[in-house]
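Hello,

Here is the structure we talked about. Please look through it first, then read the notes below.

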Amino acid sequence: MTDEQQQAVDSVRATFSEHAVDVAELEDGSVWVTVRGVDIGPGWNQTQTDLSVKLLITFPHAPYPFYASAGLTRSDGKATNPVPQNVDLGDGVIRSQISLRISSLPVETFDTTTETVAGRFVWVMAWLRSPK
Amino acid sequence: MSWTATILERDYDALQAQLFRDDEDEHAAFLYAGLHETTRGRRLLVRHVVPVADADFGPSDRGAYRQVAARAVARAALDCDEAGLCLLWAHSHPLSNRCVDFSSDDLRAHAYAHPALIDMTHGRPVAGLVFGKASVAGEIWTPGAAPERLTSLRIVGHHTRDLFPEPPMSVIADERFARQVMMFGDVGQEILRGLTVAVVGAGGGGSLLVQMLAHLGVGKLIIVDFDVISKSNLSRVVGATPADVGRLKVDVMRELVARIDPAIEVETLRDIAYAADALRVTEADFAFLATDSILSRYAYNLLCHQYLVPGIQVGAKVTADSAGRALVHVMERPLTLGGPCLDCLGVIPPDVLIAEQQSDAERRAQRYVDDGQAGDDDPLDDPSVITLNSIATALAATDFLFMFTGLLDSAPLISRVYYPQTHVLRERAGAAKPGCRFCDPAAASVLARGDLKRLSLRPGERTPLARERAPETSAARPQSWWQRLRAWLGLVRRRGVGDGASGR
């Protein structure tokens with residue numbers, strides 16, 4: 001794990017100390033960070049989900065998509081935006097991608113002086129709890 | 001184990017301004033440095049120059065002419081330790097020019113202070129340096145070892161050069177270099193012979209660079225490419241023939257260099273995005289980048305700044321305007337490490353960087369919001385033409401040559417773009433971004449940290465391509481038509497014997 005990945009993992013563990021935080025290093029140097037059992041409120045077909053992000057070896061160069069547990073859909077039947085997908089990203093775990101870059105916007109490098117990966121987790125959780 | 005130090009030209013200029021003033025008196029500065037262990041020796045990589053205030057460099061109470069106040073040294077040691085760097089303290093001998101050495105008082109001060117400073121910086125090396133106007137001497141202390149002397153100081157920048165305790169002996173260059181020696185002298189040729197140069201990418205651009213560097217007479221080449229020669233490479237990869245299709249490009253380059261100058265040492269590697277190969281590249285004095293991969297560009301930018309290896313990125317691009325007309329430009333982007341890095345110049349697009357690291361499944365998952373580039377599973381090759389590669393690489397190789405032989409004039413060495421259709425050459429000045437994680441010494445950047453920071457690259461080495469052809473020995477792969485004929489005759493004879501035997 002690189003120093004930057006380690007700092008990000010530490011920030012997630014410190015912020016979500018009441019949750020289990022799983023960390024899995026892959027052969028290519030990327031790291032899956034998963035916060036287990038996140039309460040996402042009544043708007044979904046599940047009340048809790050596992051929230052994951054993959055920190056590439058180039059982290060913090062560029063932000064990365066967040067993923068939830070497989071099969072996550074809105075309880076009101078509306079299509080979600082972005083559309084969740086159930087994908088196996090090579091580690092045998094099926095996940096739904098819930099945030100991603102938008103092609104009409106420039107992709108910015110993750111700025112570690114003003115934000116943390118833990119902060120991004122919080123932002124994604126807030127979005128999940130009040131989906132539009 | 002030899003010791004050298006490396007400093008950026010802008011920092012050396014600041015150091016000179018601090019150490020050599022009109023008062024012709026001695027002055028001092030602290031240098032905070034990273035550390036790099038190589039097979040050639042240990043390098044101290046200067047990251048910060050911190051002037052010592054005159055009030056903290058007064059007459060000594062132990063009889064020496066001047067000494068740095070203990071409180072100033074302690075403060076510097078604590079700063080260094082907090083930053084995870086090594087402490088070097090430097091002072092000037094203003095009457096020394098091309099030769100310099102420590103006084104006995106200087107050496108006594110080292111013996112007195114260095115053991116405590118090593119403790120304060122958690123066992124990292126501590127060094128004393130003394131500068132003449134065009135020379136430097138150094139003494140490096142490490143835990144439990146006798147002090148060692150600094151061999152040289154490399155100044156990296158517009159004129160990349162070495163300082164020594166005294167001028168080294170010069171040798172007469174080989175006759176093969178007679179015409180170029182007329183331009184930069186035997187000393188220049190000796191400088192080239194002492195250099196290790198990395199060429200990352202052995203395709204159309206990289207092969208031209210390898211060829212030019214071999215003719216120039218550099219001492220060692222590190223050539224990096226994981227790919228094999230394809231048929232479409234034959235139009236532009238120098239040294240490749242139809243018989244080389246399927247062979248590793250780096251093996252073809254090794255043979256090219258051997259034909260030009262067998263005395264040049266060649267090391268071949270696969271991929272600088274992997275830490276094992278990247279660390280080998282950090283041993284180079286200079287590194288060219290000639291690949292299309294953004295991940296390679298990221299890795300190159302990272303290791304050049306973390307290990308203070310200057311270099312130049314080259315490229316040629318053919319795009320199309322709205323009417324479908326070809327738009328051609330070639331570019332060189334020097335990394336003299338005192339200016340903006342490739343990320344500050346905006347040439348490491350994050351979306352492509354992500355896409356290059358993703359699995360097919362990940363790219364497919366994101367495709368529905370993609371712009372059709374980053375998520376493509378089978379991106380089309382870009383156009384590539386040898387004449388365009390030749391322009392970019394000639395500009396870059398000439399800048400490299402002039403940087404090391406001192407032939408560049410005072411114009412800044414910045415990115416250049418040439419438009420062959422209009423014969424226009426434009427300079428592209430850029431600015432370093434405050435807070436840049438690669439090049440800003442004021443930020444928590446990788447600059448000059450060397451081994452004191454883990455390299456943020458893929459662990460280990462790249463695995464070979466499935467389509468890679470097994471290396472052939474020179475005996476099995478004859479070079480001349482006569483050798484080919486003899487081999488063919490030998491093959492016929494062996495077959496004849498074999499056929500006869502099997503016919504029994």
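S9(B) and S10(B) form a hairpin with four residues between them. Helices (H or I, at least four residues) and strands (E, at least two) are DSSP runs, numbered from the N terminus.

This is a predicted model: local features need pLDDT of at least 70, side-chain atom pairs count only at pLDDT 80 or more, and totals for chains, interfaces and linings use all residues. Residues are numbered from 1 along each chain as its sequence is written, while chains are lettered from A and ligands numbered from 1 in the order in which they are written.

Strand S9 (residues 148-156) of chain B is joined to strand S10 (residues 161-163) of chain B by three bridges, running antiparallel; two strands pair if DSSP finds at least two bridges between them. Here B:Ile155 stands opposite B:Arg161. S9(B) also pairs with strand S1 (residues 3-8) of chain B, in the parallel sense, over six bridges. In that pairing, B:Thr6 has B:Arg154 as its bridge partner.

The largest nonpolar core has 161 residues. Such a core is a set of buried Ala, Val, Leu, Ile, Met, Phe, Trp, Tyr and Cys residues joined through C-beta atoms within 7 Å, where buried means that 20 or more other C-beta atoms, placed from the backbone, lie within 10 Å of the residue's own. Helix H11 (residues 386-405) of chain B gives the most to this core, with nine residues. Domain 1 (3-163) and domain 2 (175-428) of chain B both contribute, so the core lies between them; the domain bounds come from an automatic or database domain assignment.

Regards

Conventions: A residue is buried if 20 or more other C-beta atoms lie within 10 Å of its own, exposed if 12 or fewer, and partly exposed in between; C-beta atoms are placed from the backbone.
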